[in-house]
Amino acid sequence: MPSRRELANMLRALAMDAVQKAHSGHPGMPMGMADIAEVLWNDFLKHNPQNPHWANRDRFVISNGHGSMLLYALLHLTGYDLPMDELRRFRQLHSKTPGHPEFGETPGVETTTGPLGQGLANAVGMAIAEKHLAAEFNRPGFDLIDHDTFVFVGDGCLMEGISHEACSLAGTLGLGKLTVFYDDNQISIDGDVRGWFTDNTPERFRSYGWHVIPDIDGHDSEAVRNAILAAKAETRRPTLICCKTTIAFGSPNRAGTSKAHGEPLGEDEVAATRKNLGWTAAPFEVPDDIRRAFDARQKGAEAESRWQALFQQYAQKYPDVALELQRRVQNRLPENWATVADAFPKLLQDKQEAQASRKASEVCINHFASHLPELMGGSADLTGSNLTHWKDAAAFTADNPAGQYIFYGVREFGMSAIMNGLALHGGILPFGGTFLTFSDYARNAVRLAALMQQRVIFIYTHDSIGLGEDGPTHQPVEHLPSLRLIPGLAVWRPCDSVETAVAWQLAIERSGPTCLALSRQNLPCEARSVDKIAEIRRGGYILRDCEGHPELILIATGSEVSLAMAAASELAADGTAVRVVSMPSAETFLAQDEKYQQKVLPESITARVIIEAAASAGWYRFSGAHGRIIGLDRFGYSAPGKDVFAALGFTKEAIVKASKELLSREEKKLKKKLFNTGTSVTEKTGEYSS
């Protein structure tokens, strides 16, 4: 039987070999944390390599994701579908071993990490999900949801501000099944961290309400094992195990230096390290006794089999609850979902109620929450402004884990990354709110939600200069176009309660993240037919049309749609054939087939005016070379919302004026063109004759 050090050295060897072959990567962390990983994975981690999606597996997250080769080595050795050839192709095109762990690319990877600290926050979300689902579904004698969340973090993770946001909340919520291993090697890219990171980390985490185990020798397997036992014995507080380690442990010349952090050791140093460790196996060679010692397939299959037997007994005693649990962990919507969802926008259309879209969102939440117990909502200390709470929703707390509402406090980034963790765990559909302008604080977590295609709903209220007196610090300008640039993110800015309901329904149904940009001010409910309600799903649709061929198209989003409608009425009264297109989700519209896009925005109609109280840059693909954009390419003012709109040119009069100027210019161009070809045009009809 190999010794523990030999098992850990196998992890070190695979890490340095893969990094060396790729001529790229980070060998230092895998070599430094190998002893900790070996003890955790061989003695404690509950998982089944043959079913990486087993609902009751322990979750393991490498928040310091640059150390990805440690995770890949563990996955390969324990029996996941990750062949040695994939380790040889570390960091190469289309391999299953990318430079940082990517969810969905590699079996056994629980979350995408790399931006430091976010994996830690994801793990907090996973631990919340475990605690909540256990409270909801476990019954006496049936602890079906009963697993731990383990996290590796480095100095960099704990320097990032998100670590404070997430860990402060984790302590308050009493996440006793969360264990974090701090790789205290005192080295980051720039060198010895004592020049810029002198926090008393144990005291910091004690102040959060964590159970802290300090000064563990991370290369002493027995000390690590005892620390994990102590962590598992503590059930009311999350645990931080502070492990003193040496980066690139075993390397004679690179150990303990920043040179080992993010570059290969080099052929000579790899050879010297093998000699220093007494490692004789060839690169990428796994001795049979070591492979047997790591292989977790039989142990994992037996653990899942025992759980499945328990679940069968549970299903016999609680059949309805068992079916609901199955639905939830598979992230399936209820069978009656279409009935529940499809009729709701029509109901709101019939009411014709003018209200802020944030208020309409609250109405939607109350409706959908009664049918979707998997909803977990929250807000970053703006519950009364975001209107994210709903009737009968209790707070999730340390003593009430069955609660569905999380008071996140002023932690926009932490909230967003925690929501990603909730979604990744499964069984939870998370949403959370803040002001649109504060999406900047959370942006990298929103980006990772899109990268991982997780069903997370970001509610951003106070979506424009319409919020008024709080002024330009709180009035978003560049936020909508910048969010629309994120691939795979659906951004919706509804104009009334009906569009809000459709946006909510689609956010619940889609397999990726959604941003809902919602108004503070009241918006009129626009008149539309049942067919037009159905077309909202397509992201852009004809809200108002004219007889015959339109001369002008007005395109607007959100609160500016009512301005466009008012301007269209005045223009029509003057004899202009005008169409109004509501575009609540530009990227959804662009995903439609060409025939539909041409129906709504024919190429032949170049007279287009686009109205949105946000930066204009993203709209040129719709306006073309000849259109006009009434946008906001400056910051706002502190004043009542209606006064700010007027001062910055968002009025019916401004739209009418811009439209007439555009039509006049187009008419002059047309007359010039026709004069040159000897053709006349019948006034206002668009019919041509020779």
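This is a predicted model: local features need pLDDT of at least 70, side-chain atom pairs count only at pLDDT 80 or more; totals for chains, interfaces and linings use all residues.

Biologist: Helices, then. How do the axes of H2 and H9 cross?

Modeller: H2 spans residues 28-44 and H9 spans residues 221-233. Their axes come within 9 Å and cross at roughly 55 degrees.

Biologist: Left-handed or right-handed crossing?
Modeller: Right-handed, as H2 passes H9.

Biologist: Which residues make the contact?
Modeller: On H2, they include Ile 36, Val 39, Leu 40 and Phe 44. On H9, Val 224, Arg 225, Ile 228 and Leu 229 are among them.

Biologist: And how does that contact split by class?
Modeller: Seven nonpolar, one polar and four charged residues.

Biologist: Switching to the sheet. What is the strand order?
Modeller: S10-S9-S11-S12-S14-S13. The six strands form an open sheet with parallel pairing.

Biologist: Which strands stand at the edges?
Modeller: S10 (405-407) and S13 (490-492). Each has a single partner strand, so one side of each lacks a neighbour in the sheet.

Biologist: How many bridges join S9 to S10?
Modeller: Three, with S9 covering residues 375-379. Ser 379 stands opposite Phe 407 in S10.

Biologist: By how many degrees are neighbouring strands turned?
Modeller: By 20 degrees against each other on average, direction ignored.

Biologist: Last one. Which strands does H17 lie across?
Modeller: S9, S10, S11 and S12. H17 (residues 412-425) runs at about 170 degrees to S11 (429-435).

Note on methods
Residues are numbered from 1 along each chain as its sequence is written. Side-chain values use heavy atoms; hydrogens and water are left out. Axes are lines fitted to C-alpha atoms, for helices over the stretch in contact, and angles run from 0 to 180 degrees between N-to-C directions. Helices (H or I, at least four residues) and strands (E, at least two) are DSSP runs, numbered from the N terminus. A crossing is left-handed if the near helix is turned anticlockwise from the far one by less than a right angle, and right-handed if clockwise. Contact means heavy atoms within 4.5 Å. Ala, Val, Leu, Ile, Met, Phe, Trp, Tyr, Cys and Pro count as nonpolar, Asp, Glu, Lys and Arg as charged, and the others, Gly among them, as polar. Two strands pair if DSSP finds at least two bridges between them.
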